[in-house]
Every structure is written in C-alpha cells, then in structure tokens.
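Subject: Structure handover, with notes on the sheet and the salt bridges

Dear colleague,

Please read them with the model open beside you.

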Amino acid sequence: MTLSSSETSSQPGTAGSTATRIEATFARCRAEKRAALVTYVMAGDPDAETSLKVLRALPQAGADIVEFGLPFTDPMADGPAIQAAALRALAGGQDLVKTLDLVRRFREENSGTPVILMGYYNPIHAYGVDRFLDDAVVAGIDGLIVVDLPPEEDDELCLPALAKGLAFIRLATPTTDERRLPAVLANTAGFVYYVSINGITGTATPDFGRVAEAVGRIRCHTDLPVVVGFGVRTGAQAAAIAKGADGVVVGSALVDVIHRAVVDGRDAAETVSALVRELAEGVRGRIA
C-alpha cells in the first residue's frame, strides 16, 4: 500500500504552521473515522543520510505524524532497542544541530506531516533554550516530548515552547491518578501521549481493555486527542489500540526493523516502509 499525497498531507504548501499541522492531521483522521498512526525513529540511526531517507519514507508508507528521537547518552525511559539506536547515532556524530538540519531537509519536500522532537532535556539545555526554540521553529518542528521535565518544571521549557507556537506534549501513564492528571494536562498541547505499560519502551504488550478504559478516563479531563504507545509492534495490535484511541504510536518495532535491515544489507527505508504499511492498514480498520 502506497498512500497518495492527499492521504499523507505531504504536498508543499499545505498546513504551514506548527500547531495547524497537528490539528489538521487529527481533523483529517477524524473525518476518515480512524485513529492516526504516529511513528517514532531515532535521528541519525544508522547514519544521517539513511535517517533522512527513512524520515521521508514514513509518510509515504502511511504515517500521519512522525516522532523524531533526539539521541542522548542516558535515555532512561527507553528500552534496549532505542537505547542502542541512540548510541549508534551518537557514535556517528549525530547531535542536536544535525537533527534539526535533517528536519529542515525533510521540510524541503514535506510541509504537511507533523514532526515531534522526542528526547531528554540535557541536550536542549546545553544548546540553550531560546536558541533551540528559535531554531526548532525555523527547521519545521511542530512539537516537543521531553520525558524528563515534569509539570513542576514548566517554566524551564514548556511555557517558552508554547509561546513560540510549539506544542508541548505530555505523557500520562497507568500510575497517573486523578489527583495528578490535571497537573499533567495543564499546559499540554497537540495531543496527550498515554504510555500503555509500566516500564520502558518495547518490553511488553499492553492490555488492550485497560488501555481503552484509561483513554476514556483521560478524555474526561481534556479535549485533546489521546494517542497510545509503548508495546505496539504489529498491524493487529495497532488495530486493537485504534478502536479506543485517537492515535497509535509505534517506535521500538520500527527501530528494530531499521537496524536489522542495515545488518542484513537491505534498504532500511524500504524495509521499515513495509511495516509502516501494515500498521497503517491496522489503524485504518483493514486488519481484523
């Protein structure tokens, strides 16, 4: 399945602003009566040029939103696959400047697909918050997921990001109770990312019934779309999650596929596209 440009929103000139791209994507998915497919890959893994090819291929294969991982030496919320990808990228010289440049080059061909930069605060702090936000907007970043900045630290990056028009996307977890949830949602924008399991990425399969219940609970507190990630690896699993969520996030499975393709001497972009097409069939209700 190769999706048309109208399905991927990738034609130049569409949905030009950061917040608009995210909102337009979820509006399109709602109109199509389906969940969005959110794909995660690590910037610079296995190298910058391959990473750019993969980034460009994801929307064409059916990804609605792309999360682009910012390599960091101590990715504490991530499992073995993403940790290894970060180390490979760092060994190849990937850094924040080069990551923003990859997004800028992606935007030369795709002005419609939202790109969310996902990572940890240390590289951003070292780069300088004001400089980073200005450069992120120019590069074409739509939002940020910074997993080690809690709501109590909103003055550090969240509020300045919102002031620049960047969505600051917060994670809710199975242990986020009714007392904590309002604080988590207070300055969240773009969408809410529900972590479907306790623990690190890529290490377990979610309980689909409990996920739907948790999404319903979060929806009582916000009008933002709720996407679900951690543990989804197949089209069938994506289809199950999509029945009760506004979006499905897949990361570790894609990172694994990219690495295996490189090791086997296959084209990483073509190989990951095959899995993304399967996942896209799932969120579109074409897999039982």
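At 11% relative accessibility, does R34 count as buried or exposed? R34 counts as buried at that value, where buried means under 20% relative accessible area, exposed over 50%, and partly exposed in between, computed with a 1.4 Å probe on protein chains only.

Before the details, please note that this is a predicted model, in which local features need pLDDT of at least 70 and side-chain atom pairs count only at pLDDT 80 or more, while totals for chains, interfaces and linings use all residues. Residues are numbered from 1 along each chain as its sequence is written, and side-chain values use heavy atoms, with hydrogens and water left out.

R34 forms a salt bridge with D64, in which the closest N and O atoms are 3.0 Å apart; the term stands for a side-chain nitrogen of Lys or Arg within 4 Å of a carboxyl oxygen of Asp or Glu. Because D64 sits in the loop between α3 (48–61) and β2 (65–69), and R34 in the loop between α2 (18–31) and β1 (36–42), this pair ties together parts that are 30 residues apart in sequence. Helices (H or I, at least four residues) and strands (E, at least two) are DSSP runs, numbered from the N terminus. D64 also counts as buried, at 1% relative accessibility.

R104 and D101 form a salt bridge whose closest N and O atoms are 2.5 Å apart, and both residues lie in helix α5 (residues 96–107), 3 residues apart, about one turn of the helix. Salt bridges that share partners also join R28, E32, R34 and D64 into one network.

Strand β4 (residues 143–146) runs parallel to β5 and is joined to it by 2 bridges, and G143 has A167 in β5 as its bridge partner.

Technical notes:
Pairing = 2+ DSSP bridges.
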